[in-house]
Amino acid sequence: MRSFVVCKLHFWPVCHFKQQNSMQVTDIYVFFFLRNKNTKMLCLAQCGSIHDTVVREGKASILFPSANEVFYNPVQEFNRDLTCAVITEFARDQLAQRGLKVLVPGETERVVVSLAEEKNEADAQTEEKKNGGEEPAVTTTVGEKCENGLRVLEALAASGLRSVRFALEVPGLQSITANDFSTQAAALISRNAQYNEVSHLLQVSCRDASMLMYEMRGKKNRYDVIDLDPYGSPAPFLDAAVQAISEGGLLCITCTDMAVMAGNSGETCYSKYGSVSIKARYCHEMALRIILHSLDQRAAVYQRYIQPLLSVSVDFYIRVFVRVFTGQAVVKNSASKQALVYNCVGCGSFHLQRMGKRTAHGKQMKYSAATGPPVGPECEHCGQRHQLGGPIWAEPLHDTAFVQRVLSAVSGNPSRFGTSKRIEGVLSMVTEELEDAPLYYTVDNLSSTIHCNTPQLLQFRSALLHAGHRVSLSHACKNAIKTDAPPSVIWDIMRCWEKANPVKREKLSETSPAFKILSTEPSLQACFTVREDANPQSRKRHLTRFQENPQAFWGPKARAKAGSKHQTFLRPLNLNWDHVMFPLFISADIRFKKTTFGSFIHSFFSFSSALTGCNLGILVLYSPPKSDRLGNFFSRSVSE
Ligand SMILES: C[S@@+](CC[C@H](N)C(=O)[O-])C[C@H]1O[C@@H](n2cnc3c(N)ncnc32)[C@H](O)[C@@H]1O
Ligand SMILES: [Zn+2]
C-alpha cells in the first residue's frame with residue numbers, strides 16, 4: 001500500500017463546501033476507491049445504502065434523492081403557500097355554487113381580519129346575505145376525495161411537493177395530476193404520494209406538459225386548476241394551458257425569467273410574450289402586465305379571455321392567478337385592454353397608449369382604432385426621446401374582493417402556513433394598490449433625476465393628495481408611487497420641493513433633464529404637510545411586506561441534472577476485503593447542498609483517476625454539523 005487517494009484530494013472539495021452550505025444531509029455514504037495498477041481503472045463501491053433527504057414543508061414530507069436529479073427550491077415556499085391559499089379560496093367559491101362547504105384545517109369559522117375592519121365586516125355580512133345567509137350542508141375536507149370537487153393539474157411537478165401539499169392542505173379536490181416529463185421526477189412523485197398517503201387523490205403522469213394539456217383540452221377533460229411552475233419562462237406552455245383550463249377555471253403561473261421580462265432583453269421578451277419589456281423603475285409591475293397580456297392574447301385565439309385574481313412580483317419571480325372564460329363578445333374588448341408604453345429615457349415619465357378604442361352606444365359597443373400617440377417626438381418635461389414598450393395588460397392586476405377573502409382566511413388562521421406573515425403583508429399591500437393606475441414612479445428616482453435630496457415618502461404622497469390626486473404604494477417595489485396624477489403634476493411637485501431644497505444649478509449641464517425640468521416654473525403650489533391618510537394601513541401596521549434575504553445564495557435554482565451522470569458511479573461492487581489493506585478512514589462533519597454533492601463526487605473521481613499508484617481510499621461523509629471543521633479534518637489527514 002503506497003498511498004491513499006483520499007489524502008490527495010482534499011483542497012477542492014473543502015473550498016466548495018465552504019462556499020455553499022445550505023442543506024443538511026443526514027445519511028452515511030461510504031465509497032471505496034480501488035485502483036488497479038495495471039489497467040489503471042477506477043472502481044467505486046457504495047457500501048451501505050444512500051438514504052433520501054426528507055424535506056418538510058407545509059403538511060408534506062418529501063423524499064429527495066441525494067443526487068441532484070430532481071428540482072427543489074426551498075425559497076419558493078412562499079409561492080407554494082400562497083398557491084394553497086388561493087386555490088382554497090377558489091375551491092370555497094366554486095364548491096359553494098355546487099352546494100358544498102369546504103372545511104379548512106384550523107378555521108373554526110370565517111374570520112374577517114382586514115385593514116379597515118368595519119368596512120369589511122359589513123362586506124362579509126353583505127356577502128353572507130347574498131349567499132342567502134345559509135351555509136351548504138354537505139362538507140368536504142382536506143385529504144378526502146371530493147367527487148364533485150376540482151380537478152387539478154400540476155403540469156411541471158418535479159418532486160411532487162406542490163401536488164402533495166395540495167392533497168394535504170386544499171379541501172374540495174376531486175383529483176390532482178402531478179406531471180413531469182422526467183422519469184426520475186415521475187418515480188419520485190409516485191414515492192412521495194405513497195409516503196404522504198395521498199395516492200387516492202394524486203395521479204402521476206410522465207408526459208410532455210404541452211402534449212398532456214392538448215390531449216385534455218376537450219370540454220369534458222379540462223382541468224379546473226392548472227399550475228405551471230417552469231424553469232424560467234412558461235411561454236411554451238401557455239397555448240396549451242389556455243385551452244386545457246375549464247370554463248372559469250384557474251391558471252396559476254410562475255415566470256422566473258425576470259431578466260427578459262424586466263427589460264434586459266426586450267426583443268427576447270417580444271418573441272416569447274409578444275410584448276417588448278423596457279428597463280424602467282416599474283419593470284416588475286410591467287413584467288406582470290406582460291404575462292397577463294400574453295395570456296389574454298393567446299386565450300383570445302380560442303374566443304377566451306382572462307380575469308386576473310391576483311398578480312404578484314416576489315423575490316426573483318412573478319406569479320399570476322387568472323381565471324379563463326369563453327365569450328366572443330368580451331374577447332372583442334381585448335385590444336382596448338392592452339396598451340403601449342412610452343417611456344422617457346431622460347426623466348422616466350411614462351404614458352400609456354391603448355391598442356384599441358371601445359365606446360358604448362346604448363347597450364351596443366362600438367370598436368374603432370385608437371388614436372395617438374400620447375406624446376410628441378420629445379418629452380415635454382425634459383426634452384429627451386421616448387422608448388416604446390409593450391403592449392401590456394392595462395386593466396386591473398387583481399380582483400380585490402377575492403384577494404381580501406384570501407387575506408382574511410390567512411390572517412385569521414396564521415398557523416396554517418410557514419409564510420403566513422408575509423402573505424398577510426403582501427396581500428395587504430395588494431388590496432391597497434390603485435387598480436386603475438398602471439405602473440409607478442419611485443421617489444428616489446424622481447429626486448435623482450433633478451439631483452435634489454429625496455422627500456420622505458409620506459411628504460410626497462401628501463403633496464399628491466393635497467393636489468387632489470389619488471396615490472398608493474405597490475407591493476412590487478419599496479418606494480413606489482402609484483398615482484392618477486399626470487407626469488406634469490409629478491414634476492411640478494418636484495419643482496416645488498427643489499425650491500425648498502435647492503440644487504446647485506451651476507453644476508447642471510444645460511442639456512440635462514434636471515436643467516430642463518427646473519427651468520420651468522411650477523404651475524401648482526405643492527403642500528408637503530403630512531396628511532393622516534398619506535400613510536397606508538399596511539405601512540402603519542408594519543406588516544412584513546418585503547422579505548429579507550431568506551438564505552445565502554438564494555434565487556432561481558439551476559435545472560436538475562436529468563439522468564445525472566453521478567448515478568452511474570453509485571453501483572454496488574462486490575469487494576474482496578483481502579485486498580483492502582490499511583484503509584484510511586476520514587470522517588467529516590459537513591453540511592452541503594444536494595447540487596454540490598453530485599459535483600463533488602464527480603470531481604473526486606476525476607482527480608483520483610488522474611493519480612497513479614494509488615490503491616485504495618475510503619471516504620465517509622456524514623452530518624451534522626459544523627462545516628468549518630471539514631478543513632481541519634482534511635488538513636490533519638494530509639499531514640499525518
Ligand atoms: C421548476 S421545476 C418544478 C418545481 C415544482 N413545481 C415545485 O414547486 O417544486 C420544473 C420541472 O418541469 C419539468 N419539465 C420541464 N419541461 C417539461 C415539459 N415539457 N413537460 C413536462 N415536464 C417538464 C422538469 O423536469 C422540472 O422537474
Ligand atoms: Zn422626460
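Colleague: Which residues are the protein donors of the zinc ion (ligand 2)?

Modeller: Cys344, Cys347, Cys379 and Cys382, each through SG, at 2.2 to 2.3 Å from the ion. Donors here are N, O and S atoms within 2.8 Å of the metal (3.2 Å for Na, K and Ca), and water isn't among the atoms, so sites may look incomplete. Keep in mind that this is a predicted model, where local features need pLDDT of at least 70, side-chain atom pairs count only at pLDDT 80 or more, and totals for chains, interfaces and linings use all residues. Residues are numbered from 1 along each chain as written, chains are lettered from A and ligands numbered from 1 in the order written, and side-chain values use heavy atoms, without hydrogens or water.

Colleague: How are those donor residues spaced in sequence?

Modeller: The pattern is C-x2-C-x31-C-x2-C.

Colleague: Is Cys382 buried or exposed?

Modeller: Buried, because its relative accessibility is 1%; buried means under 20% relative accessible area, exposed over 50%, partly exposed in between (1.4 Å probe, protein chains only). Cys379 is buried too, at 6%.

Colleague: Switching topic, where is Thr256?

Modeller: In the loop between strand S11 (245-255) and helix H8 (258-264). Helices (H or I, at least four residues) and strands (E, at least two) are DSSP runs, numbered from the N terminus.

Colleague: And what lies 2.9 Å from a polar atom of its side chain?

Modeller: The backbone nitrogen of Gly232. Thr256 itself is buried, with a relative accessible area of 15%.

Colleague: Last one: how many residues of H12 are buried?

Modeller: 10 of the 12, so H12 is largely enclosed by the rest of the structure. Among them are Phe402, Leu407 and Val410.

Technical notes. A polar contact is a pair of N or O atoms within 3.5 Å; within protein, one must be able to donate a hydrogen and the other to accept it, and residues adjacent in sequence count only if both atoms are side-chain atoms.
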